[in-house]
Amino acid sequence: MIITALFSSIVIGIGSFAWGYFQAGNDAPSRWVLAFGIFWLIALWQKWRWVSTLGVLLAIPLSIIGLWLDLAVGWMFSGMVFTLFAWDLTEFQLKMRRLPLREDVKGMTRRHLLRIGLLTLCGFLLALALGWFRA
């Protein structure tokens with residue numbers, strides 16, 4: 001369950017950045033973002049957990065530069081949120097591996113995904129409201 005959410009969040013986050021830059025005619029940055037996304041998915045398969053931190057550190061300037069270049073706010077916001085979501089899930093996986101076997105891992109995972117999902121939904125609703133207010 002957590003692997004599916006992690007894989008989906010990486011694909012959606014990277015795809016949002018790539019599409020946002022591509023829509024504005026910035027082909028080179030969107031190709032680099034897609035290349036990093038493929039690297040991140042390979043790193044997920046290889047269990048290189050440090051790549052998620054690198055992903056967040058790259059997503060922050062991508063969002064800021066995208067907003068500065070007046071790219072679509074929705075794509076930049078979505079890319080940042082889902083990149084943070086992927087980083088959080090990677091860190092949560094590490095935490096779950098350190099727990100003793102007697103803990104309720106499935107229940108903790110379900111509750112964590114529910115909490116982070118609700119937080120993401122609230123963030124999207126806030127962004128939607130701000131976008132509507134701005135228009």
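Below is a short chat about this predicted model.

Visitor: What should I know about the model before we start?
Guide: It's a predicted model, where local features need pLDDT of at least 70, side-chain atom pairs count only at pLDDT 80 or more, and totals for chains, interfaces and linings use all residues. Residues are numbered from 1 along each chain as its sequence is written, and side-chain values use heavy atoms, with hydrogens and water left out.

Visitor: Which residues have the most contacts inside the largest nonpolar core?
Guide: Ile10, Phe17, Trp40 and Leu89, in a core of 27 residues. A nonpolar core here is a set of buried Ala, Val, Leu, Ile, Met, Phe, Trp, Tyr and Cys residues joined through side-chain atoms within 4.5 Å.

Visitor: And which helices supply at least two residues each?
Guide: Helix 1 (2–23), helix 2 (27–46), helix 3 (50–68), helix 4 (73–97) and helix 5. Helices are DSSP runs of H or I, at least four residues, numbered from the N terminus. Helix 1 gives this core its largest share, 8 residues.

Visitor: Switching to Ser52, buried or exposed?
Guide: Buried, because its relative accessible area is 1%; buried means under 20%, exposed over 50%, and partly exposed in between, with a 1.4 Å probe and protein chains only. Ser52 sits in helix 3.

Visitor: Where is Arg115?
Guide: In helix 5, and Arg115 is exposed, with a relative accessible area of 53%.
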